[in-house]
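Here are a few notes to read alongside the model. Please have the structure open as you go through the points.

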Amino acid sequence: MIPGTYRFGVECALQRSFAGLAVLFAAVWSVVALSLAASSGTRYPLTLGSSGLFVLLLAATALRGRRTAVSGRPDALLATGVALAVHAAYAVERPEAVSVGLRCMATVAAVLLAVGFLRGRAGWAAALLVLAAQVAASLRTDGVFGALEGVWPAAASALAAAALAPVLRAAGLRADDAVRDKLDAVAAAARAQAERRAQREFQRLLHDDVGAALRAAARPGVPAEEQRSQARRAVAGLTSGPAGPDGDAVVDVAARLGEASVASVVGAAAASAGSGVPRVTADLPPGGLVLPREVGEACLRAATEALRNAGLYSDATRVRVRLRGDADGLTLTVSDDGVGFSPDRVRPASLGLRRSVRQCMADLGGSAEVISAPGRGTTVRLRWRRAAPDRGAAGPSRPRGRAETIRAAIGDVRRPLAAVCLPFLAVMGWVATVHAPRTPGMVWYLPWYALLAVATGLLLARADRGVGGRAALGWSAFAVCGSVSSLLVMPAEGIADYTSWPIGAVTPLLTLLVTVRPRWEVLLALACEEAGIIVLTASRPPAGTTALDAMVTALPALIAPVMGVVMGGVIGRTVTRLGGAVLDAEATRTAVVAAESAARARKAQHSRQLADLDELVLPFLRVLASGSAGDLGEVRGRATRLGQSLRDELHLSGVLDRPLRALIDAARGAGCTVTVHAYAEEDDGAQSGGGVRPDLVRGMLTAALDGQRTPDELVLSIQYGIRQSGVSLLATPGDPGRAAALRGVLAGERAEVEDSPGLTWAEVDLPGRAARPGEPFRPQH
């Protein structure tokens, strides 16, 4: 969704609501003009001419408004001019067929365009000019009081437009800001999640490919070509970047699991372990199995680690790979007939099965099952199934409530509805108070209107939460019955003036309901009211007139409730469609933003980790892959030390920087045995979180090694958990200088430091805590 969608959509709603009103006015004035021409001929040329101009203006504005092309100043000025012409023609010719209700339509059209689209002082000046013109034209026929009374509907329309337009525009701007904020939050969350996943993927890469290459280089008896092959695979894995949703990129899993490839992996692992090479068979789909790149690469990584384990530890004579599935899912099985083991007794420090197999498949949305027992071989079964699409986020098919879509478009619907309904309620209350006492029997409709106004206010107050169907039906029936029954009390000729005020009194209620309820309910109520008015008016025409003349005279009264329903219906329909489109666009845009942010974060994380390892591992692997590694003893020693550094990185991810790596490597080179133990309370330390601080661990290691006599042995143990975390360090033999340096680092902590001739020991307790997004320190099992 582009910025400004909400604000632009609000402008569309305003323009389309006026277009609907223009269609209604044009239809009424066309009927009146034709009736006037048929009954009076050319007796009223100015009125007929101005009527034609008004109808043409309304038709053009309706057509352009439906296409969201109302142009503001020109349309408002043209409507003002036409309205002045209509009132001038009436002032000169004063045809009886052109009632105050008809003239008020010209005024309403002009003031709505002026206030809604011209804006500022110019808009109010044009609106006041048209209102004054209507009053002036009506003075001779209606008197001062009647002329002023006749402009109240137009004045109320101007007030509603003045209140409605800025509320809707402000809501659109707020919605645009909220969408931008939400997208920023989604992007940040996606980046944090992607960084955590990239961290796990990179550690799997270090353990699987890089670790395998270093083991092959460190062990005697591994053929040189196999060493080069393993090194090339590791370099390619490190420098290729993380797999991700790269458009239509795919991988043929079956082709990559051919017998030659599988045998190479198993054979290299067996050679590294110094054991016999088992026989390998592969049972693969004959037509291949093509999957998205991210899915295929993850499954292949997990399968490769299972194959390596079979070659390294199983002492198997046979290894079998079986693949079944299609583009929507697969089952991949690696089985051997080796010595087997007890899965429940896998060491916490073991990374292969936990990270490179189980977590790899879990990140993909799949699963890994390990079946083994001592003396019965091992079977690793990998399963993946394509997730069902989230139709709610992917498209418009998810059902949404009307209140949800309206909130998406304009926020709190009560403010714009109040701007439309309350002015009309107030004006109609004043009209009812003035006219009801003038007609016998109509005074009893004042309590009816008071109750109707209270009900409208109550429904308006809860419009943001939705209006129930029973309440809507009950009050609609109450309004329609009172409106139609008033025709039985008022005189027949009262249909043409404000004596028929109960007919228009239902307009605010229907306008509200058509916005927040299904349109068919309100249209049914409106149809019942219109049918009742037509039947009673046609059956009781004023004296000396026909039923057709009575119907033409009653048109303004018939249009009064229709006008509100049309305005509210068009606004409600436009806003609902806008809200649904915005929700769909927002969901799509959110998914795109999340995917793009995740891809960038994973690449950036990979680049940072690769830069950290560049001086440590990559140069050695590149030399090894080229076949020019030099002295075998030196190569094996270097590979052994790098393997130790690699295990440190896996256990202390995010802790070891380059100076600290160099310090530990130098200590090992001087004969110190450095061992790291890191464990969490749960299987997934990265998810469970903990209170260990990377700066504290760095400080303790630096204090133990930098500037001190190199110890014979150094053991670092870390407990990483939710309830409690801690770090302990043991160095032998003891050294007062090392103990003093550790006390300085741990000053202010809940720590103990002891020193004796035999050892130096330090321990610090830290409170546990929940994991934080983007936490740099993630010790792994």
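1. One aromatic cluster is made up of Tyr445, Trp448, Tyr449, Trp475, Phe478 and Trp501. Rings of Phe, Tyr and Trp (its six-membered ring) count as a pair if their centres lie within 6.5 Å; planes under 30 degrees apart are stacked, over 60 edge-to-face, and the rest tilted.

2. A word on the source: this is a predicted model, where local features need pLDDT of at least 70 and side-chain atom pairs count only at pLDDT 80 or more, while totals for chains, interfaces and linings use all residues. Residues are numbered from 1 along each chain as its sequence is written, and side-chain values use heavy atoms, leaving out hydrogens and water.

3. Tyr445 and Trp448 sit three residues apart in helix α15 (residues 445-461), about one turn of the helix. Helices here are DSSP runs of H or I with at least four residues, and strands are runs of E with at least two, numbered from the N terminus. Tyr445 is buried at a relative accessible area of 12%, and Trp448 is buried at 9%. Buried means under 20%, exposed over 50% and partly exposed in between, with a 1.4 Å probe and protein chains only.

4. Trp448 also meets Trp501: the ring centres are 6.5 Å apart with planes at 45°, so the pair is tilted. This pair links distant parts of the chain, as Trp501 belongs to helix α17 (residues 501-505), 53 residues from Trp448.

5. Elsewhere, an open sheet of five strands runs in the order β2-β4-β5-β7-β6, with mixed pairing. Strands pair if DSSP finds at least two bridges between them.
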